[in-house]
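Hi,

Here is the structure I promised to pass on to you. Have a look at it first, and then read on for what turned up.

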Amino acid sequence: MKKERITSLSNPTVKAVAALKEKKYREKAGLFVVEGKKMVLEALQKGLSVTAIYATEKCENLFPEHLITPVSEDVFRKMSDEVSPEGVLSTLALPTVTPRKASNTCIFLDGVRDPGNLGTILRTAAAVGVKEIYLADTVDPFSPKVIRSSMSGIYAVNVYRGSREELLPFVSHLPVIVADMGGENVFKATLPASYCLVIGNEANGVSQLMKNAATHTVSLPMQSGVESLNAAVSLSVLLYVLENRKI
């Protein structure tokens with residue numbers, strides 16, 4: 001039986017979903033939101049813990065009727081974090097993942113605070129096949145902006161959160177490669193096949209703790225007068241350079 005369409009902006013469910021834009025409400029509810037036809041379909045195909053799907057009339061026929069809660073355009077705009085929403089979003093259970101020792105090449109993000117950077121890094125890691133990402137003092141990986149920028153990359157990786165001191169022991173058995181402008185040219189450096197790649201904060205770079213843990217420090221060559229590359233761009237280039245050496 002088709003569910004009745006939600007049209008009231010004051011509906012408790014509408015308020016609860018809209019509140020998930022904020023970290024404190026995501027953590028309280030144990031839920032996060034993904035938006036758009038592609039990301040919702042992928043969540044279903046991967047068997048992820050989708051708890052509900054909300055859709056406007058233009059999208060509701062794309063999904064099994066029993067999974068859909070129909071909502072009006074106005075209601076969807078209140079729920080959505082998008083500027084131009086497609087008309088479908090789902091809520092998923094927040095994964096509860098305990099940090100564990102890295103099994104292979106991994107990424108350590110040391111204070112990355114920009115949601116777009118983190119989302120792009122997740123997307124790049126998924127594309128390259130790096131599965132384990134350690135997040136120390138970063139932006140919330142389940143914020144709408146990060147999820148949107150990751151383009152389903154969040155589905156393909158394991159993110160472990162904690163302080164630098166808590167997470168460092170889980171990667172210290174690997175060679176630790178720190179990205180820093182004062183490091184050796186990555187195109188000329190002799191580097192290990194498996195490693196932990198560390199990318200630092202957008203403004204302040206890598207913390208002293210992680211610099212002290214480094215076994216290698218590398219940089220990307222740039223023309224004089226160029227201050228630095230974006231954190232996500234740096235990570236993407238470095239990761240592809242390092243992984244290409246295995247081919």
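A word on names before we start: a helix here is a DSSP run of H or I at least four residues long, and helices are numbered from the N terminus. Please also keep in mind that this is a predicted model.

Let's begin with α3, which spans residues 37-45. What comes after α3? The helix is followed by glycine 47, and the phi of this glycine is positive, near 70°. Within α3, the buried residues are Met39, Val40, Glu42 and Ala43. They lie on the same side of the helix, because the arc they cover around the axis is only 160°.

Next is α1, residues 12-19, where Val14, Val17, Ala18 and Ala19 are buried. Those residues pack against α2 (23-29) and α4 (73-79), as well as β1 (31-35), β2 (50-55) and β4 (88-93).

The largest nonpolar core has 48 residues, and Leu109 and Ile133 have the most contacts inside it. Helix α10 (residues 231-244) is the element that gives the most to this core, with 7 residues. Leaving aside residues up to four places away in sequence, isoleucine 133 touches Ile107, Leu109, Leu122, Ala125, Val157, Asn158, Val159 and Tyr160. Another core, of 16 residues, lies apart from that one, and its members include Cys106, Tyr134, Leu174 and Val178.

Cys106 leads to a last point. How many disulfides does a search of the whole structure find? The count is 0. For cysteine 106, the closest cysteine sulfur is that of cysteine 196, at 3.7 Å, which is too far for a bond because a disulfide needs the two sulfur atoms within 2.5 Å. Cysteine 196, likewise, is in no disulfide.

Enjoy exploring it, and write back with any questions.

Best wishes

Methods. Residues are numbered from 1 along each chain as its sequence is written. This is a predicted model: local features need pLDDT of at least 70, side-chain atom pairs count only at pLDDT 80 or more; totals for chains, interfaces and linings use all residues. Side-chain values use heavy atoms; hydrogens and water are left out. Buried means under 20% relative accessible area, exposed over 50%, partly exposed in between (1.4 Å probe, protein chains only). Helices (H or I, at least four residues) and strands (E, at least two) are DSSP runs, numbered from the N terminus. Contact means heavy atoms within 4.5 Å. The arc is that of the directions from the helix axis to the C-beta atoms. A nonpolar core is a set of buried Ala, Val, Leu, Ile, Met, Phe, Trp, Tyr and Cys residues joined through side-chain atoms within 4.5 Å.
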